[in-house]
Amino acid sequence: MQYSLLIQAFEPTEEEIPEEAMEPMKVAFDLYAKELDAAGVLVSADILARSDVTTTVTMRGGTLKVHDGPFANTREQLGGTFVVDVPDLDAAIAWAQKCPAAQYGSIEIRPSAITFTGGQWVYA
Amino acid sequence: MGLRVNAEARAEQVARASYGRLIAILAAPTGDIALAEDALGDAFEKALSGWPVAGVPRNPEAWLLTVARNRQRDVYRSAAHRLAAPLDEAVLQLPRTATGPVPGGADDPDVVAIPDRRLALMFVCAHPAVEPGIRTALMLQTVLGFEARQIAAAFVVPEAAMAQRLVRAKRRIKEARIPFSVPSAVELPARLPAVLEAVYGAYAIDWQPVSAVAERDSLAAEALYLANTLAELLPDEPEALGLAALLSYSSARAGARSGPDGRFVPLDEQRTELWDAGLIASGERLLKRAHALGRVGRFQLEASIQSVHCARARTGATDWRALRLLTAALVTVAPTLGARVSLAAVIAETEGPRAGLAALDGIEGAERFQPAWATRAHLLTAAGDSEQAALAYTKAISLTTDAPTRDYLAEGSAASRGVFSRARPDVRPRE
């Protein structure tokens with residue numbers, strides 16, 4: 001069963017986090033990803049760039065609209081994703097609670113409904 | 001150069017031994033821990049620059065206290081502070097200490113004796129009005145002088161977040177006027193458990209299976225130091241003695257918990273010659289004193305259970321009947337999931353795996369509890385139900401986030417399927 005662990009956290013400005021404060025968190029995320037990998041459950045991991053470099057594209061109104069910035073400006077932003085392949089929700093919770101981001105944000109666990117693997121869509 | 005090194009070494013020695021004692025005294029009159037920390041930090045800085053030149057004062061602790069108090073008073077007298085808050089009566093009552101060139105000299109009244117108020121400080125840190133999640137960190141900072149950076153690393157929390165939580169807790173202590181006092185004999189039974197929990201918390205984070213291993217090992221030592229301090233300050237409280245005994249036994253076995261390849265080694269497979277005999281002996285002494293006081297409690301029971309396990313170093317065998325009684329008593333006093341799973345494992349040893357499985361079935365809320373699944377897998381294997389055992393192993397492994405324990409369970413799983421045999425697969429909660 002595939003789950004996305006979605007990191008939702010308040011996004012500080014660049015000045016608010018000095019480089020040396022980032023270092024221990026980099027180490028923590030490095031260890032976390034390696035533990036997931038060693039357990040054979042990691043599908044992919046991404047830490048996203050700041051939300052203000054987002055570009056939003058829509059054809060909803062009939063014409064192309066390219067808009068600078070995220071779709072909605074909220075206090076909490078999607079900060080990264082860990083996609084894991086584990087047997088059930090209990091295992092996903094066990095891993096989510098170990099995510100370093102759980103200490104300052106929250107982790108949304110969202111199961112995949114259909115995944116594109118081996119050249120076709122596969123229902124979970 | 002020798003003088004400088006000596007003075008610096010002396011300053012560090014004093015810092016380690018008396019940080020909490022000085023903070024407790026400096027913060028008590030006003031409840032302002034942050035200011036006490038600033039003032040003491042300032043005094044240490046002056047010591048590091050002044051002692052190499054002027055020599056180490058006869059009573060370094062008194063010197064630091066005097067310099068820090070003067071600094072506190074300067075802050076309270078400053079116009080900015082007066083505008084921010086009216087000068088408090090407690091501040092006016094701050095002892096007038098000598099402001100001469102050599103505080104801490106023979107004529108300094110503080111030289112006589114600096115009282116130990118760390119116990120009051122520990123009760124402040126674990127006060128019901130202080131959020132439980134920050135109590136351990138607060139104690140590590142105020143009593144032992146840890147920096148937010150070190151505490152954050154041990155808890156795997158961003159430094160800024162940890163610093164902010166600590167600042168918030170200290171502000172609350174000051175603004176809510178939490179008293180710097182040891183609760184009376186009447187209040188003590190209600191207030192002591194939170195202090196014990198906070199000290200235990202410094203040890204228990206050692207068991208969270210995500211990395212940052214180095215910091216955690218050092219914190220286990222600090223937890224033992226805090227527990228011993230608490231036992232010294234409360235010599236007639238059996239649970240304080242019991243906690244110190246528990247941490248002594250547990251620390252004694254630290255070196256035997258993993259093999260040379262980092263492999264997880266469960267308690268009953270540990271090589272007893274790797275256990276620290278000195279720490280076990282100190283656990284025994286503490287536990288004997290606790291029992292003599294005749295009031296049993298959770299930490300004494302946990303220590304007694306450890307004591308039975310440690311006796312294997314002497315007797316070569318584990319007394320499961322004693323463990324059965326002690327663990328049942330522990331479940332009565334503190335029915336945590338961990339204790340209940342332990343009891344099921346011990347029942348399996350004394351009454352067979354089926355009885356253990358029945359006990360496991362009776363535990364509610366253990367659906368996501370990894371030790372329950374690991375124990376179930378082991379007991380199903382012992383009962384000869386390899387099909388169910390395989391399912392339980394798979395579930396236990398899926399809930400395990402640290403590699404050594406997962407490898408250990410995978411070995412047990414393979415053994416239960418007859419792929420290869422091992423002496424006796426077993427996982428106990430918290431081992």
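This is a predicted model: local features need pLDDT of at least 70, side-chain atom pairs count only at pLDDT 80 or more; totals for chains, interfaces and linings use all residues.

1. A residue is taken as buried if 20 or more other C-beta atoms lie within 10 Å of its own. By that criterion, 45% of the 431 residues of chain B are buried.

2. The scores for the model are ipTM 0.78 and pTM 0.80. In chain B the pLDDT averages 85, and 84% of the residues reach at least 70. Residues 86-111 of chain B, however, have a pLDDT below 50; this stretch has 46 contacts in the model beyond near neighbours in sequence. Residues 420-431 of chain B likewise stay under 50, with 32 contacts beyond four places in sequence.

3. Chain B contains 21 helices and 0 strands. Among its contacts with a separation of 6 or more, 66% join residues 24 or more positions apart.

4. Chain A holds an open sheet of 4 strands, ordered 2-5-1-6, with antiparallel pairing. Strand 2 (42-47) and strand 6 (106-111) of chain A are the edge strands, each pairing on one side only. From one strand to the next, the twist averages 20 degrees.

5. Strand 1 (residues 2-10) of chain A pairs with strand 6 of chain A over 6 bridges, in the antiparallel sense. A:Ser4 has A:Arg110, in strand 6 of chain A, as its bridge partner.

6. Helix 1 (residues 19-38) of chain A lies across strand 2 and strand 5 (76-85) of chain A, at about 165 degrees to strand 2 of chain A.

Conventions. Residues are numbered from 1 along each chain as its sequence is written. Chains are lettered from A and ligands numbered from 1 in the order in which they are written. pLDDT is the predictor's confidence in each residue, from 0 to 100. Two residues are in contact if their C-beta atoms, placed from the backbone, lie within 7 Å. Helices (H or I, at least four residues) and strands (E, at least two) are DSSP runs, numbered from the N terminus. A residue is buried if 20 or more other C-beta atoms lie within 10 Å of its own, exposed if 12 or fewer, and partly exposed in between; C-beta atoms are placed from the backbone. Two strands pair if DSSP finds at least two bridges between them. Axes are lines fitted to C-alpha atoms, for helices over the stretch in contact, and angles run from 0 to 180 degrees between N-to-C directions.
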